[in-house]
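Good morning, colleagues. Please turn to the structure on the screen while I go through its side-chain packing.

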Amino acid sequence: MALHIGSIAPDFEQDSTAGKIKFHEWIGQTWAILFSHPKDFTPVCTTELGRAANLKAEFDKRNVKMLAVSVDDVESHKRWTSDIEETQNAQMNFPILGDADRKVATLYDMIHPEANDTLTVRSVFIIDPNKKIRAIITYPASTGRNFSEILRVIDSLQLTDNYKVATPVDWQDGDDCVIVPALTDPEELKQRFPKGYRALRPYLRLTPQPNK
Ligand code: BEZ
């Protein structure tokens, strides 16, 4: 069945560079990102894993665990790790799933045969503590992902879970937000947005980021 935003992330058990991972148990009460790499010992993936490792403190701050997957085995991942660490000035500080049997790649529909029969595309699944998929981002193998964008999406999800706002174009943490259109009661608006808001149109109301 196709995975959508709102689907429960399929559970699995698979070996990794940090030992066996039972996915839902491993996530526990945190958020998680699961992201795929077409293959070990490839240049773009090497840069991405280095960047992700160097951003671990940012993911930790947001209570997000990182888990990479590549359709090679764990022994291959371990050999590749030395290259990542040496070339990217990084310490690999999160697991890479072995997926030579493509269990995870298949469960998460990471192989797009019209693009390539054997390699995965670059998928990112952002998963919340209820194991619900909250965002799916898909890039072709030839385009390295932007991990700042992944953090930005997580910031937006975590903010909008807690306040009746949405985040507008190019929003960055600290920028003005928009008030959800369904909220129209003047008393509730005053109570939820004590800093006030600017209505450019009745449906387009900007307010300072409520948790700042
Ligand atoms: C890479 O990670 O560099 C890569 C992988 C597959 C196709 C193209 C690039």
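Ser76 touches Asp40 and Phe41, leaving out residues up to four places away in sequence. This is a predicted model. Ser76 belongs to helix α4 and counts as buried, at 8% relative accessibility.

Phe41 also takes part in one of the 8 aromatic pairs of the structure. Its partner is Trp80, in a tilted arrangement with 6.3 Å centre to centre and 45° between the planes. Because Phe41 lies in the loop between β3 and α2 while Trp80 lies in helix α4, the pair ties together parts 39 residues apart in sequence. Phe41 is partly exposed, at 43% relative accessibility, whereas Trp80 is buried, at 1%.

A further pair, Tyr108 and Phe125, is edge-to-face, at 4.9 Å centre to centre and 70° between the planes. Here the loop between α5 and β6 supplies Tyr108, and strand β6 supplies Phe125, 17 residues apart. Tyr108 is buried at 2%, and Phe125 is buried at 3%. Over the ring of Trp26 sits the charged end of Lys65, 5.2 Å from the ring centre.

Let me turn to the nonpolar cores. The largest has 29 residues, and Ile33, Phe35 and Phe59 are among those with the most contacts inside it. Which element gives the most to this core? It is α6, with 6 residues. Beyond its neighbours within four places in sequence, Phe59 is in contact with residues including Ile33, Met66, Phe147 and Ile150. A second, separate core of 20 residues includes Phe12, Leu97, Ile111 and Ile127.

Definitions and conventions: Residues are numbered from 1 along each chain as its sequence is written. This is a predicted model: local features need pLDDT of at least 70, side-chain atom pairs count only at pLDDT 80 or more; totals for chains, interfaces and linings use all residues. Side-chain values use heavy atoms; hydrogens and water are left out. A nonpolar core is a set of buried Ala, Val, Leu, Ile, Met, Phe, Trp, Tyr and Cys residues joined through side-chain atoms within 4.5 Å. Buried means under 20% relative accessible area, exposed over 50%, partly exposed in between (1.4 Å probe, protein chains only). Helices (H or I, at least four residues) and strands (E, at least two) are DSSP runs, numbered from the N terminus. Contact means heavy atoms within 4.5 Å. Rings of Phe, Tyr and Trp (its six-membered ring) pair if their centres lie within 6.5 Å; planes under 30 degrees apart count as stacked, over 60 as edge-to-face and the rest as tilted. A charge sits over a ring if NZ of Lys or CZ of Arg is within 6 Å of the ring centre and within 35 degrees of the ring normal.
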